[in-house]
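This report is meant for a reader meeting the structure for the first time.

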Amino acid sequence: MTVEQFANEWLADLAEKKPGTRRTYRHGIAEFTRIFGNRKLKDLAPRDCEKWAANAPRSSVKTTRVLLNAMVRAHVLPFSPLDNFRSKKQPGRKFWPVLSGEEVVEIIDLAATSSVLATKYRPLVAGIVSLGAYLGIRESEIFALTTDDINWEARTVRVERQIPRYRADAEDE
């Protein structure tokens, strides 16, 4: 059995999972199956898999581990080729440099005058950048804001929701 054959069967067995979960798994293993799909399972070498994982997005490695562990549970592999792989820790958001006020204004001005954006969208993009920069909130949180979330007198904004990037019930290829 090849990696691709097992992966296709494994994905088909996920029918009871939510569409968003299936999509995450399908996209997460896509690069691994593209590279190793024609290999027989017995020929999956840890060295090759670890070399792939060292340069792959962390989310893909995580999903591929789920696939490889399923192979072990199905007794088609004696162990996962990524058992001993440890990815390098990526710096999180807290390590991003803080922009100065001048840099924030420069980015807002760039959004407001960018020739890449259609004229009618420039103020909208500049506003989104302003909210994100000055409030320290994410794009998905900005799009979920309503006028009820803003207390003009107290000069506060309540962030309680976010708009998901993908609809959970949407299947896309």
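Helix α4, which runs over residues 58–73, has 16 residues and reaches 23 Å from its first C-alpha to its last, close to the 22 Å expected at 1.5 Å a residue. The model is a predicted one, and what follows should be read with that in mind.

Within α4, the residues S60, V61, T63, T64, L67, L68, A70 and M71 are buried, and the buried residues of this helix pack against α1, α2 (19–36) and α3. An α-helix has 3.6 residues a turn, so residues three or four places apart point the same way. Just after α4, the residue H75 takes a positive phi of about 60°.

| Residue | Location | Relative accessible area |
|---|---|---|
| T2 | segment before α1 (3–12) | 16% |
| A53 | helix α3 (residues 46–55) | 3% |

A53 counts as buried because its relative accessible area is 3%, under the 20% cut-off. Leaving aside neighbours within four places in sequence, A53 is in contact with V61, L82 and F85, and V61 is itself one of the buried residues of α4. The C-alpha atoms of A53 and F85 are separated by 8.0 Å, although the two residues lie 32 residues apart along the chain.

T2, in the segment before α1, is likewise buried, with a relative accessible area of 16%. When its neighbours within four places in sequence are left aside, T2 is in contact with G37, N38, R39, K40 and L41.

Terms used
Residues numbered from 1 in each chain as written. Predicted model: local features only at pLDDT ≥ 70, side-chain atom pairs only at ≥ 80, totals over all residues. Heavy atoms only, no water. Helix = DSSP H or I, 4+ residues; strand = E, 2+ residues; numbered from the N terminus. Buried < 20%, exposed > 50% of the residue type's maximum accessible area, 1.4 Å probe, protein only. Contact = heavy atoms within 4.5 Å. Expected span 1.5 Å × (residues − 1).
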